[in-house]
Amino acid sequence: MATVSRTLAMPEVVAPETRRRVQDAIRHLGYSLNVQARSLRTSRSHVIVALVPDISNPFFGEIIRGIEQVAHQNRYSVLLGDTQYNREREQAYADMVGTRQADGLITMLPHIPKVTGMEHLPIVNACEYVRDRSITSVYVDNSAAACGAVEYLLTLGHGQIAFISGPMKSPISIDRDRGYELALSRRGIKRHPRLSVEGNFSVESGIRGMESLFSSGQDFTAVFCSNDEMAFGAIRAIKARGLRVPQDISVVGFDDLRLSRYFDPPLTTVAQPMGEIGREAMTMLMEILRDVSVPPRKRILPTQLVVRESTGPRKAG
């Protein structure tokens, strides 16, 4: 019985031949695992909750896929909570951990929901940045990545670079804003207040942001957007003005969504390892679930600037 139990719960620790024999017996007997009975015996639901602020944003889809991969390998199910930026929704999902309806929580929010009744909360923060040192997190260096993207535009001769930021209540938006300003300051360029507008990571806010930049009356030859969706909107607004990308205005995004390589023109962007973020977040959560005394840690994953056809040298004249 113990060998069968180990094979079902932790197949990686069982010898391949033993695993094969157990699986043959399972197929022969037509056995299926009684999840409810196992949950009663182990006090585990084998469910984790993944919280996203906006499921319509394709960025989160790749992260969730990574979470699912590791969860499946560990015989866990993933309950997806689309909070829609609503604190009550966040809390309702988070409370599932406190009431033992779920074993742990992966949050893609810029803050951590409170869960009552638990001394050690099994939680991992993914892709967003929280300053709480007691929370295990996995993310990228948004400031350095944004700085590198703007520095690339500067090497192309663009001295007047506009910026469409994300919502400035978000730590990652603040960090990308910091990176934009740092790249300019390293070249001795003073940031122009009329060349920065705030968006909300949606295509629509990219369109609005671009229209606002045009209305400012300030000249610019390139624009850096805090995510790809806003870059898509910016390109649409540029074309609506009868201008060309990149001949008249170069555009850089952030994320490297699947659509970015197929957009017209294909988008130059900062590639985040979205799948790896999800896989690492779930791996970290499994470590916590196996041993609550595991110390919290922060892991920063690398980014890469992917150069495509939405950027080019500054037009002479």
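Helices and strands here are DSSP runs, numbered from the N terminus. The model is predicted.

Start with one such loop. Phe201 lies between strand 7 (196–198) and helix 8, in the loop that links them. Its backbone is worth a look. Phi of Phe201 is near 75°, a positive value, and the residue is not glycine. Is Phe201 buried or exposed? The relative accessible area of Phe201 is 12%. Buried means under 20%, so Phe201 is buried.

Now step back to the whole chain. The protein has ten helices and twelve strands. Its C-alpha atoms fill a box of roughly 80 × 40 × 30 Å, taken along the principal axes. There are 317 residues in the protein, and buried residues make up 50% of them. Contacts can also be sorted by sequence separation. Take those with a separation of 6 or more: 71% of them join residues 24 or more positions apart.

Next comes a sheet. Strands of a sheet pair through backbone hydrogen bonds, either parallel or antiparallel. Which sense applies in the six-strand open sheet? The pairing is parallel, and the strand order is 2-1-3-4-5-11. Strand 2 (77–82) and strand 11 (298–301) are the edge strands. Each of these pairs on one side only. From one strand to the next, the twist averages 20°.

Look inside this sheet at one pair. Strand 4 (residues 123–126) runs parallel to strand 5 (residues 136–140), and three bridges join them. One residue can be followed across. The bridge partner of Asn125 is Ser137, in strand 5.

Helix 8 covers residues 203–215, and it packs with helix 9, residues 228–240. The angle between them is about 50°, and the axes are 6 Å apart. That angle makes helix 8 oblique to helix 9. The crossing of the two helices is right-handed.

Which residues of helix 8 and helix 9 meet? From helix 8 come Val203, Ser205, Gly206, Ile207, Met210 and Phe214. From helix 9 come Glu229, Met230, Gly233, Ala234, Arg236, Ala237 and Ile238. By class, this contact between helix 8 and helix 9 has eight nonpolar, three polar and two charged residues.

Continue past helix 9. The loop between helix 9 and strand 9 (250–255) holds Pro246. The peptide bond from Val245 to Pro246 is cis, with omega near 10°.

What is the peptide bond that joins Asp264 and Pro265? It is cis, and omega is about 0°.

Phi of Asp256 is near 65°. That is a positive value in a residue other than glycine. Asp256 has 13% relative accessibility, so it counts as buried.

Phe201 has a positive phi and is buried. Asp256 has a positive phi and is buried.

How values were computed. Residues numbered from 1 in each chain as written. Predicted model: local features only at pLDDT ≥ 70, side-chain atom pairs only at ≥ 80, totals over all residues. Heavy atoms only, no water. Axes fitted to C-alpha atoms, helices over the stretch in contact; angles between N-to-C directions. Helix = DSSP H or I, 4+ residues; strand = E, 2+ residues; numbered from the N terminus. Parallel < 35°, antiparallel > 145°, perpendicular 65-115°, else oblique. Left-handed = near helix turned anticlockwise from the far one by under 90°. Contact = heavy atoms within 4.5 Å. Nonpolar A, V, L, I, M, F, W, Y, C, P; charged D, E, K, R; others polar. Pairing = 2+ DSSP bridges. Buried < 20%, exposed > 50% of the residue type's maximum accessible area, 1.4 Å probe, protein only.
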